[in-house]
Amino acid sequence: MNTLSVKINDFLYYIGVNDRQTQLFENQWPLERGVSYNSYVIKSTKTALLDTVKITKVDDFVTKLKEVLEGRDLDYLVIHHMEPDHSGAIETIIDLYPNVKLVGNKKTFELLENFYSVKDNLILVDDFDTLDLGEVSLKFIKTPMVHWPESMVSYEEKSGILFSQDAFGGFGALDGTIFDDEINWDLYRSETRRYYSNIVGKFSRQVQTALKKLADLKINMVCPVHGPVWRENPDKIIACYDKWSKQETEDGAVIVYGSMYGNTEMMAEAIARRLAERGVKNIKMFDVSKTHKSYILNEIWEYKALILGSCTYNNDLFPLMHDLVNVLDMNKLQNRIIAVFGSYSWSGGALKALEKFRDASAMDKVETTVETKSAPTMDDYMKLRQIADEVADKLENK
């Protein structure tokens, strides 16, 4: 009886691990609820391991692998994605199973040699090539830039299982729950969207390309390398990724401000109050100094209006607002309304920088701006109300 691994069906086993120690994913995105590194084993006439885990979790991973194999040799290691949180244990697997053949595409093997100096026992696959494991087989489909250039998925046709690498994944350790029918989706949805918006969002066009490429497959189960296995309702996570990659949004506004002594914050409060008076119910306000940009980006991905305000710091944006704007620029936001405001005391710069970002974006622009000198005046507050009214008008007409 397998007590450490999880049997998914007659030939497939889950041997993923949870990471509740790492504080920052990719050394930049907070992991307050941890993350899972998922790996799978196929036991048929041949055996195949589908992806590995981060090297810090290799001991638990190897124990589960040996339990599933029950003394059998490992014939294949399928590498869907070379990011080290999934490829980190490759060298360990080769040491344990020196006859194993590594399956990947051309770009996979370039990265494999660069990361680990591995160049032997390779099986090169291309789009729609298959790997025969006996009673089951895997068909490979390349999904470049979702979210690395070598990224690919595989599909087991008889059972309709998609092994999707980082696609359809999410943040959050799996707290005893492995499958979608075991989780409370309300607890996972936001962290799944935060994963998408921070890790995959900038590649949304490529996600749409990949979804179209997979559209003709009958997908009964999705096995990603992060987050739950979708065995009951895989259409739910596919629909989420479709929506997020199209940048479809909900009614509401996200207000983000950078303020040193509270004056820019008062400006943000005035806009928020007027939006509420206009009937906007979903209003999320963030102090960029207090909330990590990954959580802010997550909320921006959800709502239709984005309002940015910054005090001036050394003739430019407040540094943390500068960081956020840089991330927003990389993500090429669309299908949203944008408004900006700023403040200064002796020499401006923040509003000019925000206007430059606004004007270069593909978002629907609110032309009215406010630039307060030191503390806002009554005239400033009236203009802030005008900004809120213009945002509310655009929300009503969307």
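Guide: A cavity is a set of grid points where a 1.4 Å probe fits but cannot get out, and its volume is the space filled by probe spheres set on those points. In this predicted model, the largest cavity has a volume of about 70 Å³, and the structure holds one cavity of 30 Å³ or more.

Visitor: Which residues line the largest cavity, and which element gives the most to its lining?

Guide: The lining consists of T143, V146, V153, S164, A167, F168, V207, A210, L211, L214 and Y241, and helix α6 gives the most, with four residues. Sorted by class, the lining has nine nonpolar and two polar residues, with no charged residues.

Visitor: How should I describe the packing of α6 against α7?

Guide: Two packed helices are described by the angle between their axes together with the distance between those axes. Here the axes of α6 (residues 204-214) and α7 (residues 234-245) come within 9 Å and cross at roughly 140°, which means that α6 is oblique to α7, since only angles over 145 degrees count as roughly antiparallel. The crossing in which α6 passes α7 is left-handed.

Visitor: Which residues make the contact, and what are their classes?

Guide: From α6 the contact is made by S204, V207, Q208 and L211, and from α7 by I238, Y241, D242, W244 and S245; by class there are five nonpolar, three polar and one charged residues. V207, L211 and Y241, which take part in this contact, are also among the residues that line the largest cavity.

Methods. Residues are numbered from 1 along each chain as its sequence is written. This is a predicted model: local features need pLDDT of at least 70, side-chain atom pairs count only at pLDDT 80 or more; totals for chains, interfaces and linings use all residues. Side-chain values use heavy atoms; hydrogens and water are left out. Axes are lines fitted to C-alpha atoms, for helices over the stretch in contact, and angles run from 0 to 180 degrees between N-to-C directions. Helices (H or I, at least four residues) and strands (E, at least two) are DSSP runs, numbered from the N terminus. Angles under 35 degrees count as roughly parallel, over 145 as roughly antiparallel, 65 to 115 as roughly perpendicular and the rest as oblique. A crossing is left-handed if the near helix is turned anticlockwise from the far one by less than a right angle, and right-handed if clockwise. Contact means heavy atoms within 4.5 Å. Ala, Val, Leu, Ile, Met, Phe, Trp, Tyr, Cys and Pro count as nonpolar, Asp, Glu, Lys and Arg as charged, and the others, Gly among them, as polar. On a 1 Å grid over the protein atoms alone, a cavity is a set of points where a 1.4 Å probe fits but cannot get out, and a pocket is an open set with protein on both sides within 12 Å along at least five of seven lines; lining residues have an atom within 4 Å of a point.
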